[in-house]
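Good morning, everyone. Please put the structure up on the screen, and I will walk you through it chain by chain.

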Amino acid sequence: MFLVTSLILLTACGHDNSDSTDACVTVWAHAGQESERSVLIEQVSRFNARETDCRVRLTLIPEGSYNAQVQAAAVAGGLPDLLELDGPFLYAYAWQGRLQPLDRLLPADLQADLLPSILEQGRYHDRLWAVGTFDSGLGLFADRVQLRQAGIRIPDLKAPWGAAEFEEILEHLATRDADGQVLDLKLNYAGEWYTYGYTPLIQSAGGDLVARTDPARAEGVLDGPSSVGAMRRIQSWILRGRVDPNIDDAAFATRRVALALGGHWNHPRYSERLGEDLLLLPLPDLGHGPKTGQGSWCWAVSADSTHPDGAARFLAFLLEPDQVLAMTAANGAVPATRRAVARSPRYRPGGPLDLFVEQLDGGYAVPRPSTPAYPVITAEFQKAFDRIRSGGEVQAALRHAARTIDLEIEDNQGYPLVGRAREETVR
Amino acid sequence: MSAPNARRRLNDQTAVGLLLAGPAMLGLFLFILAPFLVALALAFTNLRLGSPLPLEFVGVKQFERIFTDPDFLRALSNNLLFASTVVPLQTALALGLALLLNRGLRGTVVFRTLFFMPVVFPMSLVAVVWVLIYAPGPEGMMNGFLDLVTLGAWEPRDFLRDPMLAMPALMLLSIWQGAGFQMVILLAGLQQIPEELYEAAALDGAGRWSQFRHVTLPQLRNSLVFVVLVTSILAFRLFDQVQIMTRGGPDGATTTVIYEAVQAVFTRQQVARASAMTVVFFLLVLALTWLQRRLARQEREIG
Amino acid sequence: MKASRLGRLGSYLALTGLALLFLAPLAMMLAGSLKPNERVLVEAGTLAAFLPVGASLDNYAAVFERTDFLRFLFNSVFITGTIVAAGLIVNALAAYAFARLQWRGRDLLFNLVLALMILPFEAIAVPLFYGASILGLRDTYIVQILPFIANAFSIYLFYSFFIGLPRELEEAASLDGASTLRIFFAVIVPNSKPAFASVAILSFLTWWGSYLWPLLVTIVPEVRPLPVAIASFYTLPPLQWGDILAFGTLMVMPVLAVFLMFQRWFVRGVASSAIKG
C-alpha cells in the first residue's frame, strides 16, 4: 500500500497536464542563491507558457550533497531528462554512461556562439556532453586608493605583476598596514574554492593538478618542482602573516586588505562598498603567464531520457540571450554566449568585468582536468591545502595527494571508455 | 499426556511459531543479517557504485588501504578521543543529575523533564542550532558566555574552524543532547537500591562519601556498565554533527570512521572501501559489547 | 535519603543552574524564531538572545513560504509512525513465539536475534545503500520504512516482558479453545501495555531523528523527512537564522507536546532499555 502511494507520488509527472500527450521534461537543478532560484522558476513557467507540446517540471535540490545524491540516483536510471551538474563532475557521469552527447541535440549556430571555455568544460572524448548558461570569473580585486598611496603600478593581462614584483608589493603594502595582513585569499571558503582559486597560481608557475594525458597522472606534476614551488610561495604569504583569515568574510569589503583573490560573485558587494575605487586585475604571473580559473554549473541530458529533444529545446531556450542575461543578472556570472556578453552592461567590452571575458576568451583560463577522477583530485588537493595552510610540509602533503589520486586512476584502469559511454560517444 | 499427542502438539506449535516469528525473522534476515554478510563480502572486492568496469576480488587490499590512509587513522583516533572524553564526562554528569534528582526533593519531576528534553530533539536539529551557538566573533553565544564567566578574559574564537576547539565543541553538544537519556537509566537504577542498605551503612558509621562508594556505586554497577557501553557505541557512531557542522574539518580534526565511510561510498562511490571501514567499525562495537558483557557477568558472579 | 536544609538548598541551586544551562539553547531557539532575521546572530552573544524583542511570526510565515514544511512533517510522521506501528505488531508476535511457544528452531533463531541486537545500523548502511541504489528504490517511502520494522532489540524487550507474565492468563483462555493468535490479542496485549509503550517510545526516539539513512537515499523533497530537511534548509542560501530557528521550533513542537503529556512513559521506556545488560 505504501509502495503504491509512493510510486504514485514519483510518477505523478505527466498526469497534471492532460491535453499534451506525454510531453513532459523533468529537470533537476541545484538550489542556488534565492535570486537564481526565482529566475529559473520564472524561466520554467515562461517556457511552459510559450511551448504548447512540451512542458517542463523542475525539482530544486539543495546544494549540500547535490553531486553525491545525483550520482546515486543515476545508478538505477533515476535521472531526470535534463539535469544540472557542477562542471568538473560531469566527466564521471559521461564515463559511467549516464549522459548523451549534446552536440547533435543543440543547434550548430548556438554551439558556435558559446564561449570557448564553456565548450572546453563540456568536452570529453571529443563529444560535447554539457553546456552552462554562464561561466565563472576569477581575478584579483584591488583597492585603487591603497595602491595609489603605495605607488604601485596597475597591471593588466599584457603586463601582469611578476612573482617577485607581487611579493614586493605584499611587503610594501604590509609596511603601511596596521596588522600587516594585506591579501585576502578567501581562506574561509574551503571546499572546491581551494582547487578553483589556487590551481591557477600553480599553473602559472608551470605546474598543474595532473598531467593532461589519457589517463591523467598526478605524480611528478602535482608534487613536481613547479607545483611545490607555487604552493611554497602561497604558504609563505600565509605564514608570514600577509594573508587575512577573512573569518567574517569582509576583509576586503571593509578595506582591511588592499588585495583580494575573488570571483565574479564577490563583485556586487565589493563595488557597492568601494565604488570607483574597485579594480579588477589579473592574477600574478608566476613564470608561465597569468592564469585563471573557469567553469561552473552546466546542463546535461541523461542517457535514458525519453524526451531528449524536449530537454534540448528547454536548454536552447535557457541559452537565448534574454534568458542568459536574466540568469547572469541574478548571479553575477559571466554570460555563456557571445550575443549575451555583447548586451551585458557588466561584461561587454569596456564594462567593469570585461577582464573576466577576456580571460575566458583569450586562453588565460585553464579548465579543470577532464577526467572522471576529478572528485578525488579536488578532494585530495583540498586536504593537502588544509595541511599546507597550517604550516605542513608542502612536498609531503602534495606527494601524498598525488599518490592517492594516481591510485584512484589506477583502480579505475585509467577510465577506459566502455559500455554505454562508448555507445553514446559514437551515437 | 501420551507421547504422540505431545509430538503433534509440538508440531502444531512449530507451524504457529514460525508463522508468528516469520515476518520479524524475514525482516531481520533481509535487512540486517544479509546486508551484514554482504558488507563482509564486499570489503574484499573493488566494487564501486555505477562503475562500468567488472567486479573483482582483491583480497585484503581495501583493509591495507584504509589502515595506511592517514585520514582513516585520524578518524579512528578521533573516535577514540571522543569516546574517552565524552563517556566519562557524560556519565559523571548523568550520575550527578540522577543523584540530585534522587534526593526526594519537591519539583524533581520538573527538573527531570527539563534535563530529558534535549533527548527528544533530533541530532540534526541540535547540530544546526549549535552552529549558531558556536558562531565566531564576540556576537557568538558561546563566545559571549565564556566572556561572561571569565570576566572578559576570553578572546572570541571560531570554534568550528579551530583545529583545537572543533572536537571539544562537538563533544559539548553531544553531552548536552545525550546526558538526559543516561540520567533516566541511572535514576531508575538508584531507585532500585534498597533503603536498608543505606540504613545499615549509616549504623556502621559510614559517611555520605563512604555510603556512595560502598553502597551506591556497587549497586549501580550494572546500570553504569550499560550506560558506559551505550555511550561508547554512540561515540563510535558519531556522524550527524560532523556532517552538518564541520564536514570532518578543520584539517581532519573532527573526521570519524562513519564520516569517512559515508565520504567513501557517497561522494566517491567506493562501495568496497566503505564496506571495509564499516567492518572495522563493527569489530570495534563487538569488542566494546564483549567487554561490557564480561564486566556485567563478573558482577553477577560476585553478587 | 533525607537531606539537611542546607543540603537541600545546595541541591536546588545546582539543579537550577544546570537546568538553566540545559534550557539556554532551547530558549535561544524559541526567542530567535520570533525575531527579525538580521537580529538573531547579532544578539546571540548577549542576554538579548533570550528575549524576543519585536516578536513577530514573520519567520514562521517564511518557513511555510520557503519550504514545503507540512510535506516534511507528514513524511516524518508517516515514516516513523509506520515503522513504530508495524514494528509493534511484528516484533511482539515474534517475541511471543519465542517466549511462550515450543517449536523447532526456536532457540537457534532466538540466539540469532540476541546476536543481531549488537549490530548498529551504520554497520549495514553501505550494502543497504548500494541495494537501494541498484534496485531503483531511492526516493520512496518504502526504502525508508521496510528495513526498520523488524528490530532485534524490540523483540528482546517484548520477550523479557512476556516471559514474566503469569502463564495462568493464557491457560484459562486456551482451555476455552482460543487460537494462539486470539490469545495473543485478547490476553497478552491488554496485559502488556507497559511493554508496548516502552518499545513504541524507544523506536520512536530512534527513527524520528534518523538522519544518515534519508540523507543517503532521498533527494526529492516529496519523500524527505524533517531531520534532513532542516539540515538542507540550513544550507539553502540566504542564511536566515530566524527562519531556521522557526523551522526548528515547528519541528520539535509536536514532539515536545507529546513528550510533556506522556513524559512518565518516556522516562519508563528509556529506563527499560537498560535491561539489555
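**Chains C, B and A in turn**

Let's start with chain C. Over residues 73–262 of chain C, 73% is helix and 0% is strand. The end C-alpha atoms of that span sit 21 Å apart. Keep in mind that this is a predicted model.

Where does that span come from? UniProt lists residues 73–262 of chain C as "domain: ABC transmembrane type-1", in an unreviewed entry. The UniProt record, again unreviewed, also gives "transmembrane region" for several stretches of chain C.

Residues 141–162 of chain C are 68% helix and 0% strand. Residues 183–208 of chain C are 96% helix and 0% strand. For residues 141–162, the end C-alpha atoms are 32 Å apart. For residues 183–208, the figure is 32 Å.

Now chain B. UniProt, in an unreviewed entry, places "domain: ABC transmembrane type-1" at residues 76–292 of chain B. That span is 73% helix and 0% strand. Its end C-alpha atoms lie 20 Å apart.

Next, where chains C and B touch. How many residues does each chain bring to the contact? Chain C brings 83 residues, and chain B brings 83 residues. Which helix gives the most on the side of chain C? Helix H1 of chain C, residues 5–33, does, with 13 residues. And what kinds of residue make up that side of chain C? There are 67 nonpolar, eleven polar and five charged residues.

On to chain A. Chain A is divided into two domains. Domain 1 covers 9–136 and 295–361. Domain 2 covers 138–293 and 373–411. Taken over C-alpha atoms, the centres of the two domains of chain A are 29 Å apart.

Last stop: a sheet in chain A. Five strands form an open sheet, in the order E10-E9-E11-E8-E12, with mixed pairing. What are the edge strands? They are E10 (243–244) and E12 of chain A, and each pairs on one side only.

Strands of a sheet pair through backbone hydrogen bonds, either parallel or antiparallel.

Take E8(A), residues 138–143. Is strand E8(A) mostly covered or mostly open? Mostly covered: six of its six residues are buried. E8(A) runs antiparallel to strand E11 of chain A, residues 259–263, and five bridges join them. In that pair, A:Leu138 stands opposite A:Gly263. E8(A) also runs antiparallel to strand E12 of chain A, residues 278–281, with four bridges. There, A:Leu140 stands opposite A:Leu281.

Then there is strand E9 of chain A, residues 183–184. E9(A) and E11(A) pair in the parallel sense over two bridges. Here A:Asp184 stands opposite A:Ala260.

The 73–262 span of chain C is 73% helix. The 76–292 span of chain B is 73% helix as well. Chain A holds an open sheet of five strands. Thank you.

Methods:
Residues are numbered from 1 along each chain as its sequence is written. Chains are lettered from A and ligands numbered from 1 in the order in which they are written. This is a predicted model: local features need pLDDT of at least 70, side-chain atom pairs count only at pLDDT 80 or more; totals for chains, interfaces and linings use all residues. A residue is buried if 20 or more other C-beta atoms lie within 10 Å of its own, exposed if 12 or fewer, and partly exposed in between; C-beta atoms are placed from the backbone. Two strands pair if DSSP finds at least two bridges between them. UniProt positions are given in the numbering used here, feature names are shortened, and annotations may be inferred rather than shown by experiment. Two residues are in contact if their C-beta atoms, placed from the backbone, lie within 7 Å. Ala, Val, Leu, Ile, Met, Phe, Trp, Tyr, Cys and Pro count as nonpolar, Asp, Glu, Lys and Arg as charged, and the others, Gly among them, as polar. Domain bounds come from an automatic or database domain assignment.
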